[in-house]
Every structure is written in structure tokens, then in C-alpha cells.
Amino acid sequence: MTSSSMSRRSVLARSAALAGGATAVAAGVTATAASPAHARQAYDVGALVRPDDPRYPLLTTGNNQRYVAAPEYVKMIRSTADAERALRAAHRAGKRVSVRSGGHCFADLVCNPEVEVILDFSEMTDIGYDPSRRAFYVEPGARLLNVYEALYKGWGVTVPGGICYSVGAGGHISGGGYGLLSRAHGLVVDHLYAVEVVTVDEKGRVRTTVATREEDDPNRDLWWAHTGGGGGNFGLITRYWFRSPDAKGTEPGDQLISPPSKVLVQAVDLPWADLDEAKFARLLKNFGAWHEANSAPDSPYRHLSSLFNVSSKAHGSLGMFTQVDATVPGARKMLDDYFAAITAGTGLAAKPMTKANGEIPHLAELAEPREMPWLSATRMVGTNNPTITDPMSRAVHKSGYMRKNFSDQQIAALYKYMTRPDFENPDTMLVLFSFGGRVNAVAPDATANAQRDCVFKMTFQTFWPDERDDDFHLDWIRGLYAEFFAETKGVPVIGDHTDGCYINYCDTDMADPAYNRSGIPWHALYYKGNYPRLQQVKKRWDPGNYFRHALSVELPRS
């Protein structure tokens, strides 16, 4: 969610030339250093990094060290005009491009061998208020925690975004975006008012368009495509604007949701030593049953959200973090009742989270619920987990939306794999995330994010440091996922119990019939019935299919 420094744009002239033979700016800026216009021009031109540059190794991979690219160059983007020039140059040269904001892509959609140019937006980090649109703007390179810090400190508002502090806004938002406030306030894109996108047509003509959610906006389809359509599909996102649909008043603080001033948080360990298969099954069944019963849009429990790490036995314990709006009447009882419901029939009691094996250190003292400012809780959860912030980790992730509770078969598969004697990796977990609430108050076709009647969502993930162990971990998680969804041929099909996958947790196995044996195409799992409409947006805004990757929206067949 956050921390890259807010816009380090230097006014010093750069000697690097733009991609594709564009004019170097250094000499001109040096000669007219006193001119604000020329200084601004240099300020808004990002570096061009080639293989002989010491920055190149850093910029050719992302958060997951499994994926490394070898592009001809990486172009750092610092402004909309910079993005236009970079896109025009790459397109004219016939170069295959990929687009990055924070580098947290779960698959090789950005860093893969086919990419010839990476367009990197991590230096576009501005956040502020735009009175002309009565909306808050966020540039794509802003990290999520920086977004929360700037919006809340400046105006007392926020967006209901994710936990991981260093995720870039560009990809997080375009895929839908959700977090601990989503049960109370919906997805991030439910508050998206406008998006600025640089596109290119088949003839190489580059243009920048601001598309809004206004019903009479002729470019509204481009806005809609960025409310869950995923990144790298239609063009280069250079700015988002946020204003809640029910915003009233004229002051900036009236335009977007306000988080709770205070939250109650609890973080507990549930040791594997206290579990057998029956207690493990009861625990998960309790979690699923509670969310089935309490995830309606108007549920009083929409103010409570929980993150449950069902970790491997090698980790030593399962961990559960729960947050509830402390300003809601009966908040403490709500939290206590939730914990009692999850542990009912197991005999388990709350124990402090350990500081070993990658747990969050500051949460070790929160077995007893504690009240704290919302932003403090957000910082604490987002910045103190060494597993997800390790810059050298290799990882694999899979996802699923759940409409109903777990089946007995699913729990049996999970128990089997999490306790497998030959699996000794402690940095492995199925993350269960509270969902529903106000997320489910929005129609499936109102945004591109179509999963609008689920009660919780899941991320299967494992992290390891050594390339030599890749095959072992891939085989392990693919085996778990296949057995977990064995009743639906290896994937969470669209049906009564499951509702597909989350595009921000992209997984190219969903497009591989060796792993997706359901006969359901990958795009139906991610986009459901919204996919044909996304294809029409693609046809209008990227008719040459210039922006493409392994899971990109495809042009409609003629």
C-alpha cells in the first residue's frame, strides 16, 4: 500500500535521450536553466534505462523474483506528456511493451521474455484534490499507504483499498481494489470518478482521454473498463480521480468516504499443536458459516472485517487479524462474538501472535483487543510483515471467490496439503478475507468487477528464496488447488458455491487446459458476463491489440 517517496522529480537536466531517437533534453535545459517552463519540461521527463545502466537489474524484475525480463530498455514515466512520447516511440519502432506501476504483478504479465520495452510509472506519485472535478486525484505510481496517508492527513478521507503497503495504485485500482474497509464501503472502483488514459490506434496516433462515470460522457466505456478490467489492457493510465457516488456538499472532505476515527483490532494465534483434523475442519466451517450469515449489504457486521491466515503446519500456527469500526455501537461485543463464533466447538482460545516465522511483530501484543486510530492500524498491518515485503522472495499465488461455505472435500484437501510431512515451508498460507457487505450492493455489470454476491475470497500462496525449489513449490500449490476444486475440475467455476477468480491475483494456469480442466475459458473465471463488453472497449480503444499479455482482454472475433 505505500511508501515510495512522493514524487522525487528533480529539476536537474537529464542527459538521457527519449526512446526511439527522441530529442535529448540536457543541452536545451542547461542553456535555459532559469526558465520555469524548461525546468518543468526536464522535471517531467523520466530516465531511459538500458542494459549497461546499473539500475537495469532492479527495473527488470518486480516483487516476485520468479519473473525477470530482458527488455531493450526500461522507460521511466514522469508525466502524461512523457507517457505519450514514450508510447509513440515504442509503437513506431514496433516494440512489444508492458506496463508497471508498483511491480506486484502475481504472474509474468510485465516481466516476461517477449517484452522489449517496460514502461514504468513508479515515479508518478502525486496525490491531491482537483476542484475542477470535485474529486481527489491519484497517479498510478503512488503506493497504497502513501495514498492513505495523503488523503487522510490532508482531508480526512480515504479509499477502501488493500493491505500490502507497497502495491502501486495503477494496477490495484484497475483490477477493482479491496481491503479491510470494503465490507463497509465497497470496492475502490465503486468510488472511481474518472481515469486518464493514453491510447494508440492502429496507425500509431497517440491521444490522451479523460473518461468519467457521467452517463452522458461519450468515453464512459473507457472509465467502465478500468473499474475491474485489469491492467495493461487498453492503454497507459496516468491519473485516477475519486469521488463517491453519494457525495454531497462542496468541500473536499465531503467528496469521499471517511474511515473510522478509531478501530478495535485483535490479532491472535491458533497453534497447530492444539488442532487435529476435526478441529481444523470445524474452524474453517465456522468461518464460512459466519460469513454466509453476515455478509449482506445492510448487515450490522459490515463494519467488521477479518484476515485469516490458514498457514501450513510448518509455520506453527494459524493467524487471524480482525478489525471493527470502534465508533459503531457495540463494537467490542461484535468483535468478541465474532471470535467466539469462529472458535465455537474447537476449545481454542486466543493466544498472542508469535514474532517468529514472519509474523507481524507489533501484532504480537494484540490477543486482547486494542483501540487505536485507523491510520495507525493501517500502517501497522501494512508495513510489518517480512514475508510479503521480502525483496528477494519467489512466490506463486492462486485465488478464488466463495459464495457459500467450504465443502468437506475442500477442507480435507487443505488439511492434507498443509500438513504434508515433506512440506516444511513456513511461509505458506491460504488467506481468507472477509468480503461481501457493501461490495454486494452494486450490480455485477455496474463496474467491470463482476463478483458481487460473494461472502469471502481466498488467496493460496507460498513464498521461498531459492530458484532450485521452484518446481517443488509449484507442484505443491498446483496439487492443492486441483484437489481443493476437484469437484469443479480444478478451478472455482461460476456456480452456487464459487464465483471465479480475482484478476489482480492473475494466474496464467487458468488459461492452461492442463490445470483448468473445466472447459470454462479463463476470461469467464475473471470477468464472467462482463467480458464481451470489455472486448468492445478493447476494439474501440486498442484496435491494434498493442497492449497485450498472457491474460489480456482479446479483440472480439469478427
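Predicted model: local features only at pLDDT ≥ 70, side-chain atom pairs only at ≥ 80, totals over all residues.
Strands are DSSP runs of E with at least two residues, helices are runs of H or I with at least four, and both are numbered from the N terminus. I count two strands as paired if DSSP finds at least two bridges between them.

Residues are numbered from 1 along each chain as its sequence is written, and side-chain values use heavy atoms, with hydrogens and water left out.

**Entry 1, the open sheet.** I looked up Tyr137 and found its bridge partner in strand 9, Trp241. Strand 6 (residues 135-138) and strand 9 (residues 236-242) run antiparallel and are joined by three bridges. They belong to an open five-stranded sheet with the order 5-6-9-7-8 and antiparallel pairing.

Next I checked residues 317-325, and nine of the nine residues in strand 12 are buried (under 20% relative accessible area with a 1.4 Å probe, protein chains only; exposed is over 50% and partly exposed in between). Both faces are covered, with Phe321 among the residues on one side and Met320 among those on the other.

Which residue stands opposite Met320? I found Phe308 there. Strand 11 (residues 304-311) runs antiparallel to strand 12, with six bridges. The two form a hairpin with five residues between them, and Gly316 in the turn has a positive phi of about 105 degrees. Strand 10 (residues 262-271) is also antiparallel to strand 12, through nine bridges, and Leu270 has Leu318 as its bridge partner.
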